Amino acid sequence: MLNIPKKKFRIRLSSYNSQSLNTSCNQILETVVNTNGVPIGPIPLPTKRRIYCVLRSPHVDKDSREHFEIRTHRRIIDVYQTSPELINQLMKLELSTGVDIEVQF
């Protein structure tokens, strides 16, 4: 079994675009490895689907409807063996637009 220290933080990423999410994960992993951190992940979480049903016509044709869907892709990265240098490097990262980031210590 791996002997991993307790000091860690978790990065949660979410985006509507899976390609920009994957490139952001790769950038984070590169910086963690370059600063001697131990990354675990990215762990893919289930994709959330929100479906909206809209009437095509406001007055007649109630049976004619359109469905729109929004997919939210999510990933988790756990980082062990943190250092102040690692945190500074992660703060300086320029990630793709549309990627939401949460950090839990």
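Strands β1 and β3 pair in the antiparallel sense over 8 bridges, and β2 and β3 likewise pair in the antiparallel sense, over 14 bridges. Two strands are said to pair if DSSP finds at least two bridges between them. Helices (H or I, at least four residues) and strands (E, at least two) are DSSP runs, numbered from the N terminus. This is a predicted model, in which local features need pLDDT of at least 70 and side-chain atom pairs count only at pLDDT 80 or more, while totals for chains, interfaces and linings use all residues. Residues are numbered from 1 along each chain as its sequence is written, and side-chain values use heavy atoms, with hydrogens and water left out.

**Strand pairing**

- Ile-11 stands opposite Ile-77 in β3.
- Arg-49 has Arg-71 of β3 as its bridge partner.
- In a regular strand, the side chains alternate between the two faces of the sheet.

**Overall architecture**

- The protein chain contains 2 helices and 4 strands, and from the N terminus on its elements follow the order β-α-β-β-α-β.
- The radius of gyration of the protein chain is 19 Å, well over the 13 Å that the globule rule gives for 105 residues, so the chain is more spread out than a compact globule. This radius is taken over C-alpha atoms, and the globule rule is 2.2 Å times the number of residues to the power 0.38.
- Along the principal axes, the C-alpha atoms of the protein chain fill a box of roughly 65 × 30 × 20 Å.
- Buried residues make up 27% of the 105 residues in the protein chain. Buried means under 20% relative accessible area, exposed over 50%, and partly exposed in between (1.4 Å probe, protein chains only).
- Of the contacts (heavy atoms within 4.5 Å) between residues at least 6 apart in sequence, 75% join residues at least 24 apart.

**Helix α1**

- Helix α1 covers residues 18–34, and its 17 residues should span 24 Å at 1.5 Å a residue; the end C-alpha atoms are 24 Å apart, which agrees. The expected span is 1.5 Å times one less than the number of residues.
- The buried residues of α1 are Ser-20, Leu-21, Ser-24, Cys-25, Ile-28, Leu-29, Thr-31 and Val-32.
- The cover over these buried residues includes β1 (8–15), β2 (38–55), β3 (65–80), α2 (84–91) and β4 (99–104).
- At the start of α1, a side-chain oxygen of Asn-17 reaches to within 3.2 Å of the backbone nitrogen of Gln-19.

**Asn-36, after the helix**

- Asn-36 is found in the loop between α1 and β2, where it takes a positive phi of about 65° just after α1.
- Asn-36 counts as exposed, at 63% relative accessibility.
- The C-alpha atoms of Asn-36 and Ser-83 are separated by 8.7 Å, although these residues are 47 residues apart along the chain.

**Asp-78 in strand β3**

- Asp-78 lies in strand β3 and is buried, with a relative accessible area of 7%.
- A polar contact of 2.7 Å joins the side chains of Asp-78 and Arg-10. A polar contact is a pair of N or O atoms within 3.5 Å; within protein, one must be able to donate a hydrogen and the other to accept it, and residues adjacent in sequence count only if both atoms are side-chain atoms.
- Not counting residues up to four places away in sequence, Asp-78 touches Lys-8, Phe-9, Arg-10, Val-38, Pro-39 and Ile-40.

**Confidence**

- The mean pLDDT (the predictor's confidence in each residue, from 0 to 100) of the protein chain is 88, and 94% of its residues reach 70 or more.
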